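Welcome, and thanks for taking a look at this one with me. Here are a few notes to read alongside the structure.

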Amino acid sequence: MDKVEVILKTLDEKLAEDIKVVNLDNSSIADTFIIASGGSINQTKALADYIEDDLEKEGYHLLSKEGLREGEWILLDAGEVIVHIFTQRQREFYDLDNLWEN
C-alpha cells in the first residue's frame, strides 16, 4: 500500500471523522494533505499514534510530528503526504478544508 492508502485505512478503521484528501497540484509543500477530525483530544492523539505505527509496519517513517502534546491540531509529515488531525473546534477555526480547496 502507498502512504495515502495506509493513512486513509487507519483513519477509517479508527473512526476518524470527516476525512478529506486534498491534492496539492504544483505545490512545493507536499503532494497531498489529509485532513481529519477526532472526537476528543485523546482520540486525535490516538489517531496520530495509530497512523505512525501503521506506516512503520508498511516500511514508511514520519519525517516529523507536531502538536502531540496539546492534541488539538496534530501535524504528521510523511514527506509527500501531510496529515492534519484536528479537534472539531480547531478544524472549524483554521478552516484548512476551504483554504486548500482546489
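1. A word on terms before we start: a residue is called buried when its relative accessible area is under 20%, exposed when it is over 50%, and partly exposed in between. By that cut-off Lys3 is buried, because its relative accessible area is 13%.

2. Please keep in mind that this is a predicted model. The protein chain has a mean pLDDT of 92, with 95% of its residues at 70 or more. Confidence is highest in helix 2 (residues 41-57), at a mean of 98, and lowest in helix 4 (residues 96-99), at 80.

3. How many salt bridges are there? The count comes to 7. One of them joins the side chains of Lys3 and Glu80, at 3.4 Å from N to O. Lys3 belongs to helix 1 (residues 3-13) and Glu80 to the loop between strand 4 (73-77) and strand 5 (81-87), so this pair ties together parts that are 77 residues apart in sequence. While Lys3 is buried, Glu80 is partly exposed, at 37%.

4. Finally, have a look at Arg91, whose side chain meets that of Asp97 in a salt bridge of 2.6 Å, N to O. Arg91 is buried, at 3%, and Asp97 counts as buried too, at 12%. Asp18 joins them in a network of salt bridges.

Note on methods
Residues are numbered from 1 along each chain as its sequence is written. Side-chain values use heavy atoms; hydrogens and water are left out. pLDDT is the predictor's confidence in each residue, from 0 to 100. Helices (H or I, at least four residues) and strands (E, at least two) are DSSP runs, numbered from the N terminus. A salt bridge is a side-chain nitrogen of Lys or Arg within 4 Å of a carboxyl oxygen of Asp or Glu. Buried means under 20% relative accessible area, exposed over 50%, partly exposed in between (1.4 Å probe, protein chains only).
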